[in-house]
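The structure is shown first.

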Amino acid sequence: MSSTNRKYRRTVRTGLALALPVVALAACGSGGGTDASAEAGSGKGTISVWAHQGQKNEASALQNAVKSFNSSQGDIKVDLKLIPEADYTKTITATDASKLPDVMEFDGPTMANFVYNKKLAPIDTHVSTKTMDNATDASKAQGEVGGKHYGLGMFDSGLGIYGNKKLLDAAGVKYPTSLSNDWTATEFTAALGALKAMDTDGKTLDLQETGGYANEWGTYGFAPVVWSAGGSLLKDGKAEGALDTPAVISAMKTFQSWKTYVDPNTDGNAFAKGRVALSWAGHWMYPAYSEALGDDLVVLPLPDFGNGPKTGQGSWAWGIGADSKNAKAAGTFLDTLLNDANITAMTTANGAVPATKTALDKSELYKQGGPLQLYADQLAKPCGDKDITKSCVAVTRPVTAGYPLVTSKFSEALNSIYGGADPESALQKAARAIDQDFSDNAGYKIP
């Protein structure tokens with residue numbers, strides 16, 4: 001994923017899934033056949049674990065969790081292998097299922113493709129009921145295919161609008177304080193106009209545009225516009241009639257109209273330095289923004305295009321390799337990895353939203369009354385990836401083995417629209433390409 005600067009590139013990766021290698025992932029392996037189920041095994045012995053090597057604090061939190069687990073008992077030993085983040089998904093994709101580890105981390109949207117290619121096994125019978133019940137509904141939605149769970153995360157993610165209270169008040173802009181009084185897209189556009197009148201260069205908004213939008217940030221960051229307009233990237237396995245509806249086209253025209261208000265943010269500091277009053281970003285920007293603005297920082301929901309405000313969600317998750325011969329031991333390790341102590345240590349390290357109910361309730365940032373309560377409130381109203389109603393907020397990116405192509409075509413369309421292309425033509429082109437790919441691959445059916 002492209003980013004505004006090195007710090008942003010590091011922090012954003014802790015909060016949401018990264019750009020996917022489309023060619024490598026799409027329709028690789030045999031695909032589609034009988035569901036792969038790992039062998040339970042003895043529940044003892046050495047198990048192999050693969051994880052991505054994220055920022056230093058994340059890696060340390062994971063290494064400490066493994067060290068603590070190994071020293072706490074003598075039946076199971078975890079052999080942890082960290083793989084550089086840039087190579088991680090490509091490594092899993094290129095590795096035969098028989099050579100994959102007992103436990104592996106994976107980027108959320110890649111899960112369905114790994115299930116399709118028989119590289120992940122259902123975890124329902126291997127992790128405890130307590131672990132499954134304590135996972136947030138949003139986390140479980142990301143990890144579910146066909147009624148079975150293939151992954152659970154330590155942390156989740158979310159989007160919002162960061163506002164500079166001082167600049168908003170000076171321009172007389174009224175803004176929402178919670179999901180219950182969200183602003184419409186029209187009100188948001190009017191706010192940009194009011195802020196422009198008080199701004200020397202007329203640039204009042206940051207959309208994290210430096211790397212363009214033909215990447216996973218484009219999909220994660222702005223698919224909420226589609227969902228909030230009542231559309232979808234996919235509906236019943238088709239993009240046409242979901243991605244290119246009149247309401248979505250209209251919403252994308254509004255998105256396109258905002259460009260005149262956007263600071264290019266080439267230094268990554270447009271909001272922190274007070275050049276703009278609003279920044280469309282995620283939880284990962286809170287540390288820098290809070291330090292820069294202090295009490296002037298407000299956290300607001302994304303604008304409502306008619307179907308309620310929406311946000312993306314999902315991030316890295318953990319699952320069991322389909323060819324594991326010791327899934328019982330793998331499940332025991334996951335039960336420990338996903339306990340409050342380890343999740344709190346990890347989310348303290350990376351600032352992400354805890355993906356269990358108990359850790360979320362105790363989080364200083366995300367608990368009720370905390371500065372980032374909005375993100376918890378959004379995740380408490382999950383949509384999954386299919387039933388995107390007005391009352392739900394956190395939408396899971398399409399859980400399909402064809403996701404790499406979906407995100408590639410949508411983000412390309414978004415990028416071209418932002419650059420001035422006709423929204424209707426761009427969305428129709430993307431929808432046709434997605435549907436053709438799904439037709440060529442029998443809908444990426446997973447039994």
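## Residues with positive phi

Glutamine 208 sits in the loop between strand S9 (205–206) and helix H10; helices (H or I, at least four residues) and strands (E, at least two) are DSSP runs, numbered from the N terminus. Although glutamine 208 is not a glycine, its phi is positive, at about 50 degrees. Its relative accessible area of 4% makes glutamine 208 buried, where buried means under 20% relative accessible area, exposed over 50% and partly exposed in between (1.4 Å probe, protein chains only).

Alanine 442 is in the segment after helix H18 (423–440). Its phi is also positive, near 50 degrees, in a residue other than glycine. Alanine 442 is exposed, with a relative accessible area of 56%.

## Basis and confidence

The model is predicted: local features need pLDDT of at least 70 and side-chain atom pairs count only at pLDDT 80 or more, while totals for chains, interfaces and linings use all residues. Residues are numbered from 1 along each chain as its sequence is written, and side-chain values use heavy atoms, with hydrogens and water left out.

The chain has a mean pLDDT (the predictor's confidence in each residue, from 0 to 100) of 92, and 92% of its residues reach 70 or more. Over residues 1–30 pLDDT stays under 50; for this stretch the model has 94 contacts (heavy atoms within 4.5 Å) beyond four places in sequence.

## Packing of helix H17

Helix H10 (residues 216–228) and helix H17 (residues 403–418) have axes that come within 9 Å and cross at roughly 75 degrees. Axes are lines fitted to C-alpha atoms, for helices over the stretch in contact, and angles run from 0 to 180 degrees between N-to-C directions. H10 is therefore roughly perpendicular to H17; angles under 35 degrees count as roughly parallel, over 145 as roughly antiparallel, 65 to 115 as roughly perpendicular and the rest as oblique. On the H10 side the contact involves Glu216, Gly218, Thr219, Phe222, Ala223 and Val226, which meet Tyr403, Thr407, Phe410, Ser411 and Leu414 in H17. By class, this contact has 6 nonpolar, 4 polar and 1 charged residues. Ala, Val, Leu, Ile, Met, Phe, Trp, Tyr, Cys and Pro count as nonpolar, Asp, Glu, Lys and Arg as charged, and the others, Gly among them, as polar.

The axes of helix H11 (residues 246–257) and H17 come within 9 Å and cross at roughly 50 degrees, so the two helices are oblique to each other. Met252, Phe255 and Gln256 of H11 make the contact with Phe410, Leu414, Ile417 and Tyr418 of H17. Its residues divide into 6 nonpolar, 1 polar and no charged.

## Nonpolar cores

The largest nonpolar core has 86 residues, of which Tyr162 and Leu278 touch the most other members. A nonpolar core is a set of buried Ala, Val, Leu, Ile, Met, Phe, Trp, Tyr and Cys residues joined through side-chain atoms within 4.5 Å. A second, separate core of 52 residues includes Ala51, Tyr150, Phe333 and Val399.

Tyrosine 162 lies in strand S8 (residues 159–164) and is buried, with a relative accessible area of 0%. Not counting residues up to four places away in sequence, leucine 278 touches residues including Tyr162, Trp183, Phe188 and Phe271.

## Histidine 149

Histidine 149 belongs to strand S6 (residues 148–149). At 11% relative accessibility, histidine 149 counts as buried. Beyond its neighbours within four places in sequence, its contacts include Asp124, Met132, Lys140 and Glu144.
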